[in-house]
Amino acid sequence: MFPALITLIIAGFPIAFSMILVATGFGIIQFGDVAAYQLLTKIEDTASNSILAAVPLFIFMGAMLERSGIAERLFEAIHMWTRRLPGGLGIGAIILGTLFAASSGVVGATEAVIGMLAIPVMLKHQYSKSLMSGTICASGSLGTAIPPSITVVVLGPVAGVSVGSLFSGLLIPGFLMALMFMAYIIGVAYFKPEMAPRIQDQEPDIALGEKLRITLVALVPTMLLIFTVLGTILLGMATPTEAAACGALGAVLLAAAYRNLTVSVLSTSAVKTVNISAMILLIVLGGSMFAGVFFASGGMATVQALLMDTGLSPWMILGMILLIAFIAGFVLDLISVVLIIIPVAMPIVRILGFDEIWFCVAFLVVLQTSYLTPPLAPAIFYLRAITPPEVTLKHMYKGVVPFILAQLVVLALVLAFPQIALWLPDVMGGPSWR
């Protein structure tokens, strides 16, 4: 099944249809007419999964934040405080990426918005093109590692793990990653100031009172939106779907409060939501059908036997699974990797005695690293679409390397010290929303 799937993907078939076609073909070969009932059951299971209802709501929230100019206000407020710091523009981009990731969870949208806002300013102030490229890619990728993340909403039900626990488990590694990104930018600006020149403009400093007013107007409503979504899930006050619905409504109210709520903004956001949701949910459906036939055909037992008979230690088997996920992230989108690997990996992880939440957090950090890693990094393709011609692929490939190393350090810390991922879920407690 796996060679057939990879062949179809390489041939240019959409991932969702490739998984559905392979599942249908092998299902009929293996089970005959009974396969139709099995595949229809998977359609019903996907359509009736209440957690997946959060996906279009999170996407709509991200689209509204992007289209209504809220992100632009945030960037201006952050830039006002960081512009005179070493690497201030880069630090501002990472902070904006962190806030945007914590309020929308849509990776591509985050990178596109930050890039469109930060790239012209960074080029104007003669930032190194490689540092600029790496910073934009890294800040956009935080949408995978900082909840609420669409990838986590899909991963939770597939892995049989609480989405709320995954959100709280990701929080510390995600913020640790953002801090390491900022530390690297500050280090570069300090030791190689020509790569990140300080802004020496002649504009008079804004009075402290005015700075605070602008910050309150731009930041406080967004922080309230983040609490509405993330805080209510972590405190056990709302399911991910309920919190996503409140967040979607909150994004509309914010756009109205900023007087940016127009028919055009609303309709564009709605159309974008339908397009992206249809793509994601069709991939989820295809993955569910593929995994169902794979399990029923004995594929899971075969994989388990192969791994257990190698004589490798549990940690080496875990390393193989994460390496496969990393390589798969080169050629597949993140949700497809989750749907293909997690159903196979989770039973093995349980047999080996590893903690499920800890493994899922480590798996997501690996996925985020593959999202940045050349030559097929999705983050670079997103950036390529919004940068001027003078920023080349060479700049981008060179720029992301230090940020990939920072992510690998975070992965090593999570693997070596599981409490980084497990402390907050233990402390938060609360209902295990699945």
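At what angle do helix H2 and helix H13 pack, and how far apart are their axes? In this predicted model, local features need pLDDT of at least 70 and side-chain atom pairs count only at pLDDT 80 or more, while totals for chains, interfaces and linings use all residues. Residues are numbered from 1 along each chain as its sequence is written, and side-chain values use heavy atoms, leaving out hydrogens and water.

Helix H2 (residues 15–31) packs against helix H13 (residues 263–296) at about 25°, with the axes 8 Å apart. Here axes are lines fitted to C-alpha atoms over the stretch in contact, angles run from 0 to 180 degrees between N-to-C directions, and helices are DSSP runs (H or I, at least four residues) numbered from the N terminus. H2 is therefore roughly parallel to H13 (angles under 35 degrees; over 145 counts as roughly antiparallel).

Helix H17 (residues 356–372) and helix H19 (residues 393–416) pack at about 170°, their axes 10 Å apart, and so are roughly antiparallel.

Turning to the aromatic rings, tryptophan 315 and tryptophan 358 form an edge-to-face pair, 5.6 Å centre to centre with 75° between the planes; rings of Phe, Tyr and Trp (its six-membered ring) pair if their centres lie within 6.5 Å, with planes under 30 degrees apart counted as stacked, over 60 as edge-to-face and the rest as tilted. Tryptophan 315 lies in helix H15 (residues 314–331) and tryptophan 358 in H17, so the pair ties together parts 43 residues apart in sequence. Tryptophan 358 is buried at 3% relative accessible area, whereas tryptophan 315, at 48%, is partly exposed (buried is under 20%, exposed over 50%, partly exposed in between; 1.4 Å probe, protein chains only).

Conventions. Helix = DSSP H or I, 4+ residues; strand = E, 2+ residues; numbered from the N terminus. Parallel < 35°, antiparallel > 145°, perpendicular 65-115°, else oblique.
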